[in-house]
Amino acid sequence: MLKSLAALVALCIICPTLGQTFFVIDESYGSGVEEVHLKVLVNQDTGEKVEIVPELGGKTEALLLGMGAGLRPMLLDHGRNATLTRANVGWKGAMLIPYANRINNGTYSLNGHTHYMERNEDRGVYGKIGLHGCEPSGF
């Protein structure tokens, strides 16, 4: 979550030096316990924007970019339906963290610690590997 917010802040600071002006606004949809709060980074010149849901791990709920005569959605989203956003069937907008690809033997080392992932893909003669997931402890 903090990395996503830090990235938004960094873009707001860096982009003006590149000739672009961005600002961050708070938006929400839904109500009660299901209300979804967004941080929205908007390009002041083009209207292009990205919507981040910090409370759901920094997931990207929407990305709208200029395509011809207007903005077009670049990602599948939940249509501003809070119930669907929270359920997130299909992992729309989810970041594949800590890894987004195959980890040989489901094992890696980081900062002197060896981590063992679920080996959830059988590669036949190449053995089992970890594919798109997270270790059981959840980091």
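**View 1. Val24 has Leu41 as its bridge partner in β2.** This is a predicted model, in which local features need a pLDDT of at least 70 and side-chain atom pairs count only at pLDDT 80 or more, while totals for chains, interfaces and linings use all residues. Residues are numbered from 1 along each chain as its sequence is written, and side-chain values rest on heavy atoms, with hydrogens and water left out. The strands β1 and β2 run antiparallel here, joined by 8 bridges. Strands (E, at least two residues) and helices (H or I, at least four) are DSSP runs, numbered from the N terminus. Two strands count as paired if DSSP finds at least two bridges between them. Between β1 and β2 the hairpin has 6 residues, and in it Gly30 takes a positive phi near 85°.

**View 2. Leu41 also has a bridge partner in β3, namely Val50.** The strands β2 and β3 are antiparallel too, with 4 bridges joining them. Their hairpin has 5 residues between the strands, and Gly47 takes a positive phi near 80° there. How many of the residues in β2 are buried? It's 6 out of 8, so that strand is mostly covered. Buried means under 20% relative accessible area, exposed means over 50%, and partly exposed is anything in between (1.4 Å probe, protein chains only).

**View 3. Step back and 5 strands line up as an open sheet.** The order is β1-β2-β3-β4-β5, with antiparallel pairing. At the edges sit β1 (22–29) and β5 (71–73), each pairing on one side only. From one strand to the next, the twist averages 25°; the angles run from 0 to 180 degrees between N-to-C directions, with axes fitted as lines to C-alpha atoms (for helices, over the stretch in contact). Over at β5, the antiparallel pairing with β4 (residues 59–66) spans 3 bridges, and Gly66 has Leu71 as its bridge partner. A handy thing to know when looking at any sheet: side chains in a regular strand alternate between its two faces.

**View 4. Seven residues make up the largest nonpolar core.** They are Tyr29, Val36, Leu38, Val40, Val42, Val53 and Ala82. Strand β2 (residues 36–43) gives the largest share, 4 residues. A nonpolar core is a set of buried Ala, Val, Leu, Ile, Met, Phe, Trp, Tyr and Cys residues joined through side-chain atoms within 4.5 Å. Zoom in on Val40, and what does it touch? Leaving out residues up to four places away in sequence, Val40 touches Phe23, Val24, Ile25, Glu27, Lys49, Val50 and Glu51. Contact means heavy atoms within 4.5 Å.

**View 5. Glu27, Lys49, Glu51 and Arg80 are linked in a network of salt bridges.** Side chains of opposite charge can pair when their charged atoms come close. A salt bridge here is a side-chain nitrogen of Lys or Arg within 4 Å of a carboxyl oxygen of Asp or Glu. Glu51 bridges to Lys49, with the closest N and O atoms 3.7 Å apart. Glu51 also meets Arg80, at 2.6 Å from N to O. Glu51 is buried, at 4% relative accessibility, while Lys49 is partly exposed at 23% and Arg80 is partly exposed at 36%.

**View 6. Glu55 and Arg86 form a salt bridge, with their closest N and O atoms 2.6 Å apart.** Glu55 lies in the loop between β3 and β4 and Arg86 in helix α2, so this pair ties together parts that are 31 residues apart in sequence. Glu55 is partly exposed, with a relative accessible area of 39%, and Arg86 is partly exposed at 29%. The structure holds 6 salt bridges.

**View 7. Lys92 sits in the loop between α2 (82–87) and β6 (102–103).** Lys92 is partly exposed, with a relative accessible area of 28%. Setting aside neighbours within four places in sequence, Lys92 contacts Lys59, Leu76, Asp77 and His78. The C-alpha atoms of Lys92 and His78 are 7.9 Å apart, though 14 residues separate the two along the chain.
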